[in-house]
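Here is a short briefing for a first look. Start with the structure itself, then read the points below.

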Amino acid sequence: MKKIIFVFALVLLAPARPQAAEMMPDQLVRTTIEKINLLLKVDRDVDPEDSRRLYAMIDFCEEVLPHIDFRGMAKSVLGPSWRQASADQRVRFTREFRNLLVRVYGTALRKYRDQQIVYLPFFGKPGDKTAVVKTEVKQASGGPNVQINYSFYRVHSFWKAYDITIDGASLVTTYRSTYAELIRKEGIDSLIAGIAKSNRQPPSDRDGAPEPAGSPPKGAAP
């Protein structure tokens, strides 16, 4: 674990943030994935079954490269309910939804940790306002590659990720559909409480993390 802390220190002390402002989305995706993989390789003591440690590393890496618009994603997921929510409800939902994404992404990382990431050609231009970075995960079993696409929009010189699509299933669209039904039946406070409760649960032995309350069905975008 000391090795991981040392790597984080190097990353934080390096002038990474100004450079990140000038990075194109494909560079951001590649850099983030490579940093996560580096952390996994440096700390040989990380147990692939101990998802809590993987979540912690992902969470820290997200802080190093703050290019995920969690609030924007939360707003899109709630849809019309965002306008009806109070300021406090918006803050609480954004916090719990962010924690949910970290946990679900941690499970995906655990699943694909030893598989090769293929970065498909990127055709974005510096003047673009939006961009999609397309990647694929090669299956160790030889099955079809898993397509993972990252959608970005630009704010001044910074690029922000606002959606992830896995094999055609949009994270934002999938959660929006699921949560709209839950909010209609039980209200937004009940939804927030359910996600928060799930986020506090320890990882399960079956898949490394409990399925969050109101999460998309198996096989949908995490």
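The model is predicted. The protein chain holds nine helices and five strands. Of its 222 residues, 45% count as buried.

**Whole chain**
- From the N terminus, the order of elements is α-α-α-α-α-α-α-β-β-β-β-β-α-α.
- Take the contacts between residues at least 6 apart in sequence: 61% of them join residues at least 24 apart.
- The accessible surface of the chain is about 12200 Å². Carbon and sulfur atoms account for 56% of that surface.

**Helices H5 and H8**
- Two packed helices are described by the angle and the distance between their axes.
- H5 covers residues 70-78, and H8 covers residues 171-186.
- Their axes come within 7 Å and cross at roughly 50°. The two helices are therefore oblique to each other.
- H5 contributes Met73, Ser76, Val77 and Leu78 to the contact. H8 contributes Leu171, Val172, Tyr175, Arg176, Tyr179 and Ile183.
- By type, the contact residues of H5 and H8 are eight nonpolar, one polar and one charged.

**Thr135**
- Thr135 sits in strand E2, which spans residues 130-137.
- Its relative accessible area is 1%. Buried means under 20%, so Thr135 is buried.
- The Thr135 side chain reaches the backbone oxygen of Ile148 at 2.7 Å.
- Beyond neighbours within four places in sequence, Thr135 is in contact with residues including Val29, Ile117, Val118, Tyr119 and Leu120. Val146, Gln147, Ile148, Asn149 and Tyr150 are also among its contacts.

Definitions and conventions. Residues are numbered from 1 along each chain as its sequence is written. This is a predicted model: local features need pLDDT of at least 70, side-chain atom pairs count only at pLDDT 80 or more; totals for chains, interfaces and linings use all residues. Side-chain values use heavy atoms; hydrogens and water are left out. Axes are lines fitted to C-alpha atoms, for helices over the stretch in contact, and angles run from 0 to 180 degrees between N-to-C directions. Helices (H or I, at least four residues) and strands (E, at least two) are DSSP runs, numbered from the N terminus. Angles under 35 degrees count as roughly parallel, over 145 as roughly antiparallel, 65 to 115 as roughly perpendicular and the rest as oblique. Contact means heavy atoms within 4.5 Å. Ala, Val, Leu, Ile, Met, Phe, Trp, Tyr, Cys and Pro count as nonpolar, Asp, Glu, Lys and Arg as charged, and the others, Gly among them, as polar. Buried means under 20% relative accessible area, exposed over 50%, partly exposed in between (1.4 Å probe, protein chains only). Accessible areas come from the Shrake-Rupley method with a 1.4 Å probe; for residues, only the protein chains shown count as cover. A polar contact is a pair of N or O atoms within 3.5 Å; within protein, one must be able to donate a hydrogen and the other to accept it, and residues adjacent in sequence count only if both atoms are side-chain atoms.
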